[in-house]
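Colleague: I am new to this structure and would like to learn how to read it. Could you walk me through it, one feature at a time?

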Amino acid sequence: MDDPIKQSVEKALYAMNLKAAISLHSALIAILTAAFFLPIVLGFWQTLLPSFGYLPVLGVSKFEFQAWQDLVTEPGFASSLSLTLFTGFASTVLASLLTFSICAMIQNRIGKFATEKLLATFLATPHAAVAIGLAFLFAPSGFFSRLITSWTTEWQQPPDIITINDDRGISLIITLIAKEVPFLLFVTLSALNHIPTQKFMAVGHALGYGRAQIWISIIIPQIYPLIRLSLFIVLAFSLSVIDMAIIVGPSNPPTLSVLSLQWFYDPDPLSLKLATAAAILQTLIIVGAVIIWHAMERIVTLAGRWWIRKGQRDNISDYLMRLLAALAVILLACSTLALISLIIWSVAWRWPFPDVTPLSWSLQSWTYVLNSKLNILFNSVVIAACTSLISLFFAIAWLEWPKFESPSIRIIVFGVIILPLFIPQIAFLFGLHILFLSSGFSASLISVCWAHSLFVFPYIILTLSDSWRSLDKRYIRSAASLGASRLKILARVKLPMLLRPLLISAAIGFSVSMGLYLPSLVIGEGRIPTVTTEAVALATGADRRLQSVYALLQALFPMIIFFAALLIPRIVYAERAYLRGVRL
Amino acid sequence: MKKLELSHVTIRLRNSAHPLIDDLSLVALSGEVTLIMGPSGIGKSTLLDFIGGHLDPAFLARGSVKIGELDITYMEPERRRVGIMFQDDLLFPHLSVGENLLFGLRSDLNKATDRQALIEDALSRADLAGFANRDPASLSGGQRARVTLLRTLLAKPHALLLDEPFAKLDKHLRTDVRSFVFEHAIAEKLPILMVTHDETDAAAAGGKVFILHETSR
């Protein structure tokens, strides 16, 4: 059995396996490119052309800067631009400050499961639902105004002040922060698993530093590289958000993204040029914003180093951090109240202004939606379930496949995967839709599912790859040395050990899909209504009951999935101490 | 059983001309513990990775590994029949103690239908009777080390690699676990290659010692 023939067979088999693996790998890259990368590039191209005057549908195809000139001279353009920049930057900076502060305050103080349950609730609630709920609280006729009235004033009419939809975009900023803090908390808490926080805290305290100062000078510098990408995603998202900006953002002028959307749906076909120019401009804004953020990082680092070198032990940072953490808690409390107010509104019947509680109750809104609009709910749930499962499958295939390409190519591929989270949705979805129309496809559940997976797949990759990589490789080596094949190792060791992160990333994918607005609207051509498109469409109207029902339905299903994702590993691994909630 | 033989093994980082391990040849005889010693970072664990088939793609290796006359240099790790024990026990945390052993127990080599009985038998030989349904996390360090060895041996390896397996155990436990591991592995007449820092390991092993030095630049 030890003859040279057998050895050469071994060698050939090894080479064949390698070849097969490489060709399967190329196939996977080809599929990913065809399904994810090409559509984005083509869609972007189809948006770029009209902005420079090339619009064959209207019989114009002359290279010109007319659209850009029109855009810049459009009344309100300047304030729309500065509004976009202000809301985008302010919300991202504040959201990250609040996140760091709250992390510093709860680290090692609050039980892990409590944090998780709380986080899951907020993570599961889609953007539009948060915006609608917060609008109910802060509107002149909202809950807070009613509370004030019942105690102090004699308002019989809602006060004539502007709270939500304010011209400065303050309410948009607050709403964005309320939604982004939970996401950043999730990312930061995961990053904290990578460093021995408690030891660093002990060392720092022993050197005479307070909690906040240890965080700023020791902990944050270590975890920042791990959460940087997520901050960029939040920044890009905040600069191009649409659904929230429609619901709570200013309207005269609105942010650039809303302006662009309005032009896209303007009956005058020449508005299309303006719309595409505004969409391309948003892409440039995001590129510029990332560069500016980079410069800000440099400045903060320099200032931080100077501060660290001084060796000064101060209390001010502790007070400041406590203040910020308190603000964050107030904000999260408002989000919770917002959810409660949605529940109350959905079952309220008569609820005239100064009253703090409804006069009469009714389930009519629920029965109406559940009886005659069940198809909308069905669409949303089916799309979210299919999208998250398919994306999870591809994510596992992608992470599991042996990597043959060089590290630099790997970074490019990763960049391509997360590209949809950086380009404004509006800058390629309409172009993509034009391609769809010209190639004869029509809106269907399948095309909407695919459009959703452009966004769900990168989120799943982002949330899963960290856990995937940090699984101790020696487990895999041990299993291989025990004679287990790759497939057996995947099925019996990796997937079971990663059950929790797998379920959580699937839940994140589900809630992302459930909350997507523009992809459903544009690729679905309005013929595939989802709870999110309905909620946003109704948000500008007056029927708070129906708005609440749709907003709650948006939040309800992701919440169920999230709690299942947290609960299932606890049940399956009830007898396995090591796997009970090792990491979020 | 057969010997484990390395011939002219050279390992270097892909982007470096300087070899980590330069033209190393050695023979580990069956039923003997052969030691590899040397300062940290000298490439001891990398060498074991190479033998087990787990070498990181960042490294390039030349030379061959044989068990008896069979050249395993290019084999898939799972087909090499090379058992390995690390510093940490690496019992799969999602499986019970018994399931961990069943995962190791080869179905093609143990035709017995009663796999469970084999497991119970192995456990009782290790003074762990009745532990099959326990969560690995509930075991003491010494117990976990013993289960890990059982799991490795149930896969019927042709050679055993030990990567500082006792380093994390306290002095008293170390002696116990070490004699348990050596006793059982030697009884199976396996060639055993052990990487260690600990002089007492060397004294207890009593086999040949190879000392890796900084390769000259």
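Modeller: Gladly! Let us begin with strand 7 of chain B, which is covered on both faces: B:Ala159, B:Leu161 and B:Asp163 are buried on one side, and B:Leu160 and B:Leu162 on the other. Keep in mind that this is a predicted model, where local features need pLDDT of at least 70, side-chain atom pairs count only at pLDDT 80 or more, and totals for chains, interfaces and linings use all residues. Residues are numbered from 1 along each chain as its sequence is written, while chains are lettered from A and ligands numbered from 1 in the order in which they are written.

Colleague: Why is strand 7 of chain B said to be largely enclosed by the rest of the structure?

Modeller: First, the general idea: in a regular strand the side chains alternate between the two faces of the sheet. A residue is buried if 20 or more other C-beta atoms lie within 10 Å of its own, exposed if 12 or fewer, and partly exposed in between, with C-beta atoms placed from the backbone. In strand 7 of chain B, residues 159-163, five of the five residues are buried, so the strand is largely enclosed. Strands (E, at least two residues) and helices (H or I, at least four) are DSSP runs, numbered from the N terminus.

Colleague: Which strands pair with strand 7 of chain B?

Modeller: Two strands pair if DSSP finds at least two bridges between them. Strand 6 (residues 82-85) of chain B runs parallel to strand 7 of chain B, joined by four bridges, and B:Val82 stands opposite B:Ala159. Strand 8 (residues 192-195) of chain B also pairs with strand 7 of chain B in the parallel sense, over four bridges; here B:Asp163 stands opposite B:Val195. Between strands 7 and 8 of chain B the chain passes through helix 5 (residues 171-187) of chain B, in a right-handed β-α-β crossover. Right-handed means that, with the strands pointing away from the viewer, the path from the first strand over the helix to the second runs clockwise.

Colleague: What is the order of the strands in the open sheet of chain B, and which are its edge strands?

Modeller: The four strands of this sheet follow the order 2-1-4-5, with antiparallel pairing. Its edges are strand 2 (19-28) and strand 5 (70-71) of chain B, each pairing on one side only. Two bridges join strand 5 of chain B to strand 4 (residues 59-67) of chain B in the antiparallel sense, and B:Lys66 stands opposite B:Asp71.

Colleague: How many helices and strands does each chain have?

Modeller: Chain A has 24 helices and four strands, whereas chain B has six helices and nine strands.

Colleague: How does the radius of gyration of chain A fit a compact globule?

Modeller: The radius of gyration is taken over C-alpha atoms, and the globule rule is 2.2 Å times the number of residues to the power 0.38. For the 584 residues of chain A a compact globule would have a value near 25 Å, and chain A has 26 Å, which agrees. Its C-alpha trace spans about 95 × 70 × 55 Å along the principal axes of chain A. In chain A, 45% of the residues count as buried.

Colleague: Which residues have the most contacts inside the largest nonpolar core?

Modeller: In soluble globular proteins, nonpolar side chains tend to be buried together. A nonpolar core is a set of buried Ala, Val, Leu, Ile, Met, Phe, Trp, Tyr and Cys residues joined through C-beta atoms within 7 Å. The largest one here has 220 residues, and those with the most contacts inside it are A:Ala128, A:Ile132, A:Leu134, A:Ile247, A:Ala278 and A:Ala535. Two residues are in contact if their C-beta atoms, placed from the backbone, lie within 7 Å. Leaving aside neighbours within four places in sequence, the contacts of A:Ile247 include A:Ala128, A:Ile132 and A:Val536.

Colleague: Is A:Phe100 buried or exposed?

Modeller: A:Phe100 counts as buried because it has 25 C-beta neighbours inside 10 Å. This residue lies in helix 3 (residues 77-106) of chain A. Not counting residues up to four places away in sequence, A:Phe100 touches A:Trp215 and A:Ile220.

Colleague: How many residues does each chain give to the contact between chain A and chain B?

Modeller: Chain A gives 27 residues and chain B gives 27 residues. Helix 19 of chain A gives the most to the side of chain A that touches chain B, with six residues.
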